[in-house]
Amino acid sequence: MSTPTDVVQQFLSHLNAQRIDDGMDMLAEDVFYHNIPMEPMTGREAVRAFAHEFGMGARLQVDWQLVSIAGSGDTVLTERLDIFTAADGKRIAVPLMGSFRIKDGYIAEWRDYFDLADLERQMAAMADPATTEQN
């Protein structure tokens, strides 16, 4: 039987292998997802749609670098650097903290805490045809 930490590590492995749907399948059907400070959402299919709309695995290659991971009971905390790279080499690198709660082998709650202003600045630079590569 997998530990909660194993579940989160497998989830991240799926995303980093560009198997976004395999990762989304690890979410509970009624998962609560909050990309803080954005609006929260509920439901696996809502999160899957959000990931695809953002471009994960299609327009943007995912490389979520795990800095630290800690688990206690059904809760797993991660410190990550989430990197998204476009086909033209431009990238977004977002430092963040993540919190996952595992229930019955599925991710039942997922919260990521990050600086929205930093993400928006990087996304604007990525969309600017005058820029070449974003750190």
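**Start with the rings**

Select Phe11, Tyr33, Phe50, Phe54, Trp64, Phe84, Phe100 and Trp110: ring pairs join them into a cluster. Keep in mind that you're looking at a predicted model. The count of aromatic pairs comes to 9.

Now zoom in on Tyr33 and Phe50, a tilted pair with 6.0 Å from centre to centre and 55 degrees between the planes. Tyr33 sits in strand β1 and Phe50 in helix α3, so this pair ties together parts that are 17 residues apart in sequence. Are these two buried or exposed? Tyr33 has 5% relative accessibility, so it counts as buried, since the cut-off is under 20%. Phe50, at 21%, counts as partly exposed.

Next, pick Trp64 and Phe84. Their ring centres are 6.0 Å apart and their planes stand at 85 degrees, so the pair is edge-to-face. Trp64 belongs to strand β3 and Phe84 to strand β4, 20 residues apart, so here too the pair links distant parts of the chain. Trp64 counts as buried at 5% relative accessibility, and Phe84 does at 6%.

**Into the core**

Go to Phe11. Setting aside neighbours within four places in sequence, its contacts include Met24, Leu27, Trp64, Phe100 and Trp110. Phe11 is also among the residues with the most contacts inside the largest nonpolar core, which has 32 residues.

The largest pocket has a volume of about 290 Å³. Select Asn35, Phe50, Phe54, Phe84 and Leu119, the closest to its centre of the 21 lining residues. By class, the lining has 17 nonpolar, 1 polar and 3 charged residues.

Note on methods:
Residues numbered from 1 in each chain as written. Predicted model: local features only at pLDDT ≥ 70, side-chain atom pairs only at ≥ 80, totals over all residues. Heavy atoms only, no water. Core = buried A, V, L, I, M, F, W, Y, C linked by side-chain atoms within 4.5 Å. Buried < 20%, exposed > 50% of the residue type's maximum accessible area, 1.4 Å probe, protein only. Contact = heavy atoms within 4.5 Å. 1 Å grid on protein atoms, 1.4 Å probe; cavity = no way out; pocket = protein on both sides within 12 Å on 5 of 7 lines; lining within 4 Å. Points joined across faces, edges and corners; volume = space filled by probe spheres on them. Nonpolar A, V, L, I, M, F, W, Y, C, P; charged D, E, K, R; others polar. Phe/Tyr/Trp six-rings, centres within 6.5 Å; stacked < 30°, edge-to-face > 60°. Helix = DSSP H or I, 4+ residues; strand = E, 2+ residues; numbered from the N terminus.
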